[in-house]
Amino acid sequence: MFELTTWMVLIPALPLAAALLTAALGPRLLKNKSHLPAVLCIAASFVCASILLWQVYQQTDDDGVPGGSSRVEKRLDLWTWAAVPAAMTHSGDSATDATTAEDSSFDFVIDVTLRTDPLSAIMLVMVTFVATLVAVYSIGYMNDDPGYWRFFTYVSLFVFSMTMLVSVSNFALLYVFWEAVGVCSYLLIGFWYQKPEASAAGMKAFLVNRVGDFGFALGVFLIWTTLGTLNFHDTEVDGVITQPGVFGQQVLSDGDYSSFPLATAGVLTAICLLLFVGACGKSAQWPLHVWLPDAMEGPTPVSALIHAATMVTAGVYMVARCTPLFVASGAAPIVVACIGCLTAIMAGFIAITQTDLKRILAYSTVSQLGFMFLALGTASLAGVVAGMFHLFTHAFFKACLFLGAGSVMHAMGGVIDIRRFGGLRKLMPVTHATFLLGCLALAGVIPFAGFWSKDAVLAAVHDAAHGDPSTNALFTTLYWLAWAAALCTAFYTFRAFFQTFYGEEEIPEEAGHHAHESPSTMTIPLMLLGFLALAAGALGPWFSNFLAHTPSLSMERLRGAEHAGFHWDVAIIGTVISVVGIGAAAFMYLRSPGTVSALTDTMKAAWLYQLSYGKLFFDQLYSVFIIWPLKILAHIFYVLDMLLIDGLVNLCGWLPRVFGAVLRPMQIGLVQFYALAMVLGLLVLIGILLR
Amino acid sequence: MGFHEQIDALIDDTQRSLALFGPELALCGTIILLLLCRLVIGDRLSSTLVAFAGTVVGLVAALFSWSQVAGTSQEAFTGMLVIDSFTIYFRIFLLAFAVLFVVFTWRSGIPDREDAADFYTLALGSLLGMCLMVAANHLLMVFMAFEMASVPSYVLAGILKGRRKSSEAALKFAVYGAGAAGIMLYGISLIAGVTGTVHLPSIGASLANTMAADPSSSVLWVLGLGGLMVMVGLAFKLSAVPFHFWAPDVFEGAAAEVGGFLSVASKAAAIALLVRVAIGFGFVQEASAWVDAEDQSVVQTTNGVDQTSIASASGETTSQIFIAARIQDGNSASGQNSQDVQTTGADHQQGTDQQDTDQQSGDQQGTDQQGADQQTELTQPDESQLSPEQQAAEAERLAEEARALGIAQRREAQEVANESLGPVRTYISYLVGFLAAITCTFGNMAAYGQSNIKRLLAYSTIAHAGYMMFAVAGAIPSIGTSTTLAQDHISALAVYVAVYLFMNFTAFAIIAFLRNQTGSEEISSYAGLIRTSPGLAVCFSLLLMSLIGLPPLAGFAAKLLVFSALADSGLWVLLIVGALNTVISLFYYLRVIKAMCLDVPEEGQQVAVFPIWKNIDGWFIFLLTLPVVVLGLFWGPLREWALAACSQLLS
Amino acid sequence: MNEVSLLHGFLTIGALLFGIGLIGFLSRRNMIVMFLAVEMMIQGVSVSFVAWGRYHNNWDGQVMVIVMLAVAACEAAIAMALILMVFERSGKLDIAVHQRYREDNQPEYVDRDLPPPEDKAQVWPNLTPAGVEPEHDPEETAYRSHV
């Protein structure tokens, strides 16, 4: 009963049950108590995930060596969803089939299999923990919303999809839940669908993600045609491997994909890049990052849960999961690192001048996700562990910040522009304190969680810069760029913090007279997350040791460079940079607010400020280079369409109509004619026969 | 064999066959009971109850026969029927449908108190015919089962007595059906005449001989014509284009209940019959029992023409002997006719020499070799006026030879025969594939712009018949060359049919329940359904999406299997046609969903209120929609079952 | 007269019957005649079956014919019932009257109309009384003028 497998099933099943229950009973029965199933089930799911983590942890032999030899993996084959054997497999029957069957045909088998290993166990705990807190928080935040039950249905559905996403052991199902979390995100961004911005943002997220998902789908197809399987694990029959999985034992022991005849380095790189396109879409990396800041139109708890802590990290998780593929491809990780670093600095730069508290945090999320990809791009064990650790700590402090922002927004009557309020520290002491903890963590101040994880990321990049000579120069560049991004982070974080909580007390009129600290359902999650933002860093050594037991991360090739341990130089640079950033923010926004406007004025002339304030004009760029050309193209097509009259575009609707126009007069209701048609049909067939 | 032995053997055979005939007997019993009850008891015993009990008994019997008969394929009633797992699978399907149908009609109230007995008599009678269709092993049975299924459904279509509309639909159905039956019958006469046998498995053997002797024989054209005419009948049942014209009118005119009946049960039986006929034509069977039992085959050499005829004396269970000899062209040089003798013998417990009073060839002797169950009949040409002794000696020698040849050679002979049937299979496959392609395309295209939901579903039914025929077209080429592959493909069909039951039947049920509330069957009358009865709207939407074939619903699984069968057989053209059709079908199904979920009802329009939890109707719909979702997620077991069902088809 | 030419003769007759029936089925509008035409098709098939049965020297053909006769009778009975039902309502045996079910927006197919019904008073046949004429009930004769 209390097997590992029980928890594996329960973790996604409970939120699903909650979603169904809320959907069925929400509008009629539960109404204002709609949060009950969601909160209870997600909390129970968190408990299950914790037990799961503990049990998985028990199985690691604690030899103290990072990435110890023992591989911890547990699979649960639920059922085989699809098993369509390829024509070839029948060839034993007769010799004729073997010749007709194509060589490249594989069995199409999709097993519904859950797996758990340290990587997914950590993700599960993180997801369910944050989701629990967010659900509790939402009780207060979403209070009195007409779509109360709808909100909790979506959230439960999201938690189900997300836990499945990290649990499945198959690319097809990964794709299914990848889309499912996307759908939930889309539904929640457009939760207030009456609001035009919200529905537009939902649409934007949807469309941008289509680009990414298209790449991801192509990657999945390519995996199937190349490797002949979509399963992560080996397919075994009586202990003999009949079909090696994508991350199965055989691959891991070979260290590459030499056992697959079709998997050349070029194809693998193509697969990785296509998968990474998907990750870019989901995790909002350049150039597909534009949807995430707009997604802040959704309710703030959603922003905290989906667009900061969990869903957007699905791309990071997926790349981490696919580490063997990326390592084998050679070129792909470098692309990942470059895109990650570019995104980190770009988003950090944009965040400096934004005035919307949630948007600042959104850009910060984009930037931090860039850090994670940068770490993964080093294609070393230290890098992957650092990336995942950063993901882990980021989830806590970013959720804390978002919930804090939500708390502020709640008190300010929905106003989120940091120029319109200030000095809230006395009004909202708890929010202030927890927000501070989150900011310190984000800025990377020792000993907060963000310091340790960012340190690990940069240490991994530092190692990479001193590793393979061919990429040394590149990684050195990325290393310093990452520091620049870190500086931006420290600055914009505290800029937002000071503007919100310090200075003159200023409350927008929307808030009315009831600007107050939020209710306890909102502050308790904040405090918990704030504590974790402070303390989660302490888990670092344990975390890396544990994560290294993940089978797919225990490849020999990943061990490449010896982990140099704690880098004093990195730590010192990190501390200095965060202090400099905070100091600059403090100087500009606390000591002499005048300098800001002076600086802004001088810089406004300069293009730099404009560039940052205009979000590097990505939206405009896209509209010039993608949307306008498409529009022009559309106009050309429109003209063509006008010329051809319903010709090209409406072919789908037109063809049946024409066809129907030809065929429908036949259905005249006259039996004679029907009989004639029957005989004519027969005659036509005879004619074909005699031909 | 004397008259008395023959009678005894017949009695034995009948007794044995009746044991295999349980579900059908249950149906027969129910029908009689229904009629008697009304006569004797009158209204006091609800006909619905009797029908329900009867169909449940039948279903239980069918389920029971699955475990009972699994493993062997048996012929029943002197070769008229074949009872194998495929038959039983479809029987279970049909009887499960019958149970659901009775429950459904009870709830929808179409058969009123007076009519119920008639209604159920007709419906069960038709189902009985369908059960025979799926078991047909003989052209006579093909025709009879076909008519047994059709004739009651003509009346069913007109069961709404008070409405002129429905009697018009029934009339059209009957007139059209009669014509189709006539044409089919002529086809049967051509086939039976030219091949000289009416026993389906022997047709293949006979055809193989013809093919082997002369692949361009003019006889083949006649056979092709006959095949086409038989196909007309089957296509009428399947409502394949261009023999579909009755379908939209009948579906629109008849009650939705009858529509569900025709579109699910009738179609399933027809497609199973198509499979049977196609296998009969394109495959030379080697009975599995034949290998095990100590029998003999006779390799016969006549007139210097080398020919391998397959003689099979079946084992302990089916003691029938078929010697399918070759048909010679009547105008062969010598002017001699080789006689084709086919005996559908009964049990022969004692081996006795048998004298047949054959007008042409004189004596034929089956010689008992071992005193065990065996009997041989030999075919002799006219001129060989051998004395009985010589013939006996000859037969003995042949039998010895046959034993010496051994099983392997028989297999080889079978393989050779099957190989020579290649063009036949290609022909059938192309024919079915061609019809399937136009059926599917036409059905989907014509479904556009329909405003009546029943008419729309009629066209959708036509399109789905096309998809089902795709599976048959995909399976036929591999019959005989690769048994497992063919079984695999036919199992795709079996899965499709099972899934189709839930999708389409439930859709018709919803239509009927909504009709009972609003009295309208127009799509526009469903506007705003999502507000008044969200559960029903969700169920209906799921069903329609499953009909489109969207994952993860059951329709997707079924379509995936069918299309993969096409891909395996290399029928890429059909695959593309099927895929395009799926896209086309998206629009008109979604239009219904749009009407339910997005459209706003007009002023004063009555919108049905149909709670899904509160009454039996709702639960009925819910429980029938559930499999569509569940089978979409767990279709492994269904497929396994379907594979098991097809495992004896080509053994 | 050998077997083959005998067969040919029978088959030709059968095919002709079938063909005539088919043409009748297609060209006639009277429902009863249509069904008669179908019956004719089936008779054609019967003839061929019998011929084949004789040629092959077995009983299959005959058995088929017997079954066919039974089935055709059933079919005809059902069809007659349906025709009667329809006739009761419309008063017409013309199948072209029944084209109510067709695609929307399709015009009704109008062939030549039937000649207008003649406006003659209906004359019913009178049964010739046999034997001694029974006593007439005056009440009965009041409403039953004939038969």
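**Entry 1: confidence**

I began with chain C, which averages a pLDDT of 82, with 83% of the residues scoring at least 70; pLDDT is the predictor's confidence in each residue, from 0 to 100. I noted that this is a predicted model, in which local features need pLDDT of at least 70, side-chain atom pairs count only at pLDDT 80 or more, and totals for chains, interfaces and linings use all residues. I also noted that residues are numbered from 1 along each chain as its sequence is written, while chains are lettered from A and ligands numbered from 1 in the order in which they are written.

Within chain C, helix α2 (residues 31-56) has the highest confidence, at a mean of 91, and helix α4 (residues 138-143) the lowest, at 70. Helices (H or I, at least four residues) and strands (E, at least two) are DSSP runs, numbered from the N terminus. For the model I wrote down ipTM 0.79 and pTM 0.79.

**Entry 2: where the chains touch**

I looked at chains B and C next: 40 residues of chain B are in contact with 38 residues of chain C. Two residues are in contact if their C-beta atoms, placed from the backbone, lie within 7 Å. On the chain B side, α6 (139-157), α7 (164-195) and α10 (246-253) each give two or more residues. Of these, α7(B) gives the most, with 18 residues. Sorted by class, this side of chain B has 15 nonpolar, 16 polar and 9 charged residues. Here Ala, Val, Leu, Ile, Met, Phe, Trp, Tyr, Cys and Pro count as nonpolar, Asp, Glu, Lys and Arg as charged, and the others, Gly among them, as polar.

Then I checked chains A and C, where the contact takes 11 residues from chain A and 13 residues from chain C. The chain A side has 7 nonpolar, 3 polar and 1 charged residues.

**Entry 3: the cores**

I looked up the largest nonpolar core and found 278 residues; B:Leu94, B:Val232, B:Val472, B:Leu493 and B:Tyr496 touch the most other members. Such a core is a set of buried Ala, Val, Leu, Ile, Met, Phe, Trp, Tyr and Cys residues joined through C-beta atoms within 7 Å. A residue is buried if 20 or more other C-beta atoms lie within 10 Å of its own, exposed if 12 or fewer, and partly exposed in between, with C-beta atoms placed from the backbone. Helix α16 (residues 483-518) of chain B supplies the largest share of this core, 24 residues.

I followed B:Leu493: leaving out residues up to four places away in sequence, its contacts are B:Ile271, B:Val275, B:Met468, B:Ala471, B:Val472 and B:Ala475. Another core, of 231 residues, lies apart from the largest one, and includes A:Val72, A:Val109, A:Ile334 and A:Met409.

**Entry 4: chain A**

I listed 27 helices and 4 strands for chain A. Of its 691 residues, 55% count as buried.

I picked out α15(A): 21 of its 21 residues are buried, so this helix is largely enclosed by the rest of the structure. Just after α15(A), A:Ala379 takes a positive phi of about 55°.

I then found a hairpin made by β3(A) and β4(A), with 2 residues between the strands; A:Asp238 in the turn has a positive phi of about 50°.

My last stop was A:His567, in the loop between α21 (540-547) and α22 (568-591) of chain A. A:His567 is partly exposed, with 17 other C-beta atoms within 10 Å. Beyond its neighbours within four places in sequence, A:His567 is in contact with A:Ala459 and A:His462.

How values were computed: Two strands pair if DSSP finds at least two bridges between them.
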